[in-house]
Amino acid sequence: MPLSRSLSMTSLSGLLPSWEEDELPVEDLLLFEVAWEVTNKVGGIYTVIQTKAKITVDEWGENYFMMGPYFDHNFKTQVEGCEPPYPAIRKAMDALINNGCQVHFGRWLIEGSPYVILFDVGSAAWNLDRWKGDLWHTCNIGLPFEDREANDALILGSLIAWFFKELTDELGDTPNVIAQFHEWQAGPGLILARSRKIPMATIFTTHATLLGRYLCAGNADFYNNLGKFDVDKEAGERQIYHRYCLERAAVHCAHVFTTVSQITAVEAHQMLHRKPDVVTPNGLNVKKFSAMHEFQNLHATSKARIQEFVRGHFYGHLDFNLEKTLFFFIAGRYEFSNKGADIFLESLSRLNYLLRVHRNDVTVVVFFIMPAKTNNFNVESLKGQAVRKQLWDTAHSVKEKFGKNLYEALLKGEIPDMNSILDRDDFTIMKRAIYATQRHSLPPVTTHNMLDDATDPILSNVRRIGLFNSRNDRVKIIFHPEFLSSTSPLLPMDYEDFVRGCNLGVFPSYYEPWGYTPGECTVMGIPSVTTNLSGFGCFMEEHVSDPAAYGIYIVDRRFRSADDSCNQLTQFMFSFCQQSRRQRIIQRNRTERLSELLDWRYLGRFYINARHLTLSRAFPDKFKMDPMAPLKSDGFRYPRPYSVPPSPSASVHSTPHHSDAEDDDDEPYDEDEEAERDRLNIKSPFVLGAVPGN
């Protein structure tokens, strides 16, 4: 069977379990990855499978396929239709098509261009009642008529199990099939495939337990009561018992069970009653720049664009120095407690107090980028940008006239009288422009008209803490209840550009199985705040000896009270405000170097580990592995910088100083030497530590 590969992942440095051969015989294997979000963006799983595609295709070539539901619009805009590379796959598809079920094949037009097999759920809906009966007779799980999402998941799973039956019958013993299923929506396919004894190796990955999401959304004290929940009762009360059963059955049917983080591994053990076999952290495609400091230049460029927006938003109240202004932000789904917006707002109130008491001349502008229901942009926000543009046009026209008059005088060999180079009309125009900037109201907290202004959680808490963007406040708040877009008339920036222009991302999540937002900050060289209840925070705690030195501040929300966690977050932000400009540049350099830890070229090895393990369990005669060999070693610890880390206790003066102050003796720092040491360290072998028990 032909195979085209540009890179073997197992050739990368790293410790994997001992095998009879150095790498998997992928020529004799077919790998399938099943998820509801293949070509269908719903949430974070889409980012996982999309960014991981390139490195998987590099390893598996034409032996790698993604599977998911067919949606006409997505297929037409994202997929290039083509014929399957192998006759066995064509025959398996035809078996379904000849029975009235539509199946589509093509290449997903993303990096790596993986093959996709998409099943039209609607075309097979007439089988739903029969397949519900099959599921009931197989595992006594019944699906209610009104739960369309669960019904669609069953149809997709039945089609996939049917496809695998036809495929394995056609293939025989070679090549062997590996299938990885993501989340409960893909679970029915795994359950049916195993119940029908289809000869294939299976992996089930949960990115967050279904019941865990519901419990945290209901403000339960989740982590302090993990072992005390009656999971059947809790799932029943929330009317998701059938979904919970599908998820739990898939977990126990799979040869190998994986989660995306250590904290989710603990959760899964309690909620689903099986310890994960492997932790497979989420990565990103890290694009390194050719110029060493290009990401610093991108930060400066994007920051200037944010400053322009701030000039307009705070017109008439722009009594703070934008060169001494720091931009903080929080972004993601509008889950007020789960995403930590509650503790963030309370900490901002305390930060505002500290900055005022210490008479710090730093101003902090905080953006909340969380989509909510709105009518549209509010008039004050649009007016602010219009006033800013009008001032710019006025200044530009006066500048042109001034320059022309100055040029003419110099040609005559004269030094012009600066008081006469502009006439009275010019001064009148400038005065009118100044009067136009006067406003009798405070700059708005939100950029849009909210549908539920009175009950909105963020706005309600802003009213409680009293941060209304007054002149005395050193912390200003801007709530942008819409995802960012370069086509916006208000803040025309894509999310990536906006992140690059900020100084600090703050994500003090209470429930975050992984957390892509701080990871995205890291690969762009932007420091961030996370918690030890997020998968990303746990990963950094385990693999970086001094995360704060590298711009990763980890708030303890697991073993501290809410008030203590809030104080810790406040101190992190206050310490960040005390850093000099030079220290922030140093820290961004260090943060950006951590990006290699999050690259799929490194984290992809844990998926390889899971595939090794599932093959040894599904086909023990062909794929042997020493059962005593540990799946994971003691773990890699990224050392702290050899120079003094930029923290107030070690490198910042006891009293705050200007953000643009640059003290040559702040810390002994050699960028090139430290970067070279980090490059050597990052290439050292590392794997995750053991999954914790209770």
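Tutor: Strands (E, at least two residues) and helices (H or I, at least four) are DSSP runs, numbered from the N terminus. This is a predicted model, in which local features need pLDDT of at least 70 and side-chain atom pairs count only at pLDDT 80 or more, while totals for chains, interfaces and linings use all residues. Residues are numbered from 1 along each chain as its sequence is written, and side-chain values use heavy atoms, with hydrogens and water left out.

Student: In what sense do S4 and S5 pair, and over how many bridges?

Tutor: Two strands pair if DSSP finds at least two bridges between them. S4 and strand S5 (residues 115-119) have 5 bridges and pair in the antiparallel sense. They form a hairpin with 6 residues between the strands. There, Gly112 takes a positive phi near 100°.

Student: Now S1. Which strands pair with it in the parallel sense?

Tutor: S6 (residues 176-182) does, over 6 bridges. S2 (residues 64-69) does too, over 4 bridges. Phe32 has Ala179 of S6 as its bridge partner. Glu33 stands opposite Met66 in S2.

Student: Are the residues of S1 buried or exposed?

Tutor: First the general idea. In a regular strand the side chains alternate between the two faces of the sheet. Next the scale: buried means under 20% relative accessible area, exposed over 50%, and partly exposed in between (1.4 Å probe, protein chains only). In S1 (residues 29-34), 6 of its 6 residues are buried. Leu29, Leu31 and Glu33 lie on one side, with Leu30, Phe32 and Val34 on the other. Both faces are covered.

Student: What unit do S1, H1 and S2 make?

Tutor: A right-handed β-α-β unit. Here is the test for the hand: with the strands pointing away from the viewer, the path from the first strand over the helix to the second runs clockwise.

Student: How do I check the length of H1 (residues 44-60)?

Tutor: The expected span is 1.5 Å times one less than the number of residues. H1 has 17 residues, and its first and last C-alpha atoms are 24 Å apart, close to the 24 Å expected. H1 still bends by about 45° at Ala53. That bend is the angle between axes fitted to the seven residues ending there and the seven starting there. Because 14 of its 17 residues are buried, H1 is largely enclosed by the rest of the structure. Gly61 follows H1, with a positive phi near 60°.

Student: What about H13?

Tutor: H13 (residues 379-411) has 33 residues, so it should span 48 Å; its end C-alpha atoms are 48 Å apart, which agrees. Its buried residues include Ser381, Gly384 and Gln385. Helix H11 (294-313) and helix H14 (424-436) are among what covers the buried residues.

Student: Where is Thr280, and is it buried or exposed?

Tutor: Thr280 is in the loop between S9 and H11. At 0% relative accessibility, Thr280 counts as buried. Now skip its neighbours within four places in sequence: its contacts include Thr205, Phe606 and Tyr607. Thr259 is 21 residues away along the chain, yet the C-alpha atoms of Thr280 and Thr259 are separated by 6.0 Å.

Student: Which residues touch His299?

Tutor: His299 lies in helix H11. His299 is buried, with a relative accessible area of 5%. Beyond its neighbours within four places in sequence, its contacts include Arg500, Cys502 and Arg588.

Key. Contact means heavy atoms within 4.5 Å.
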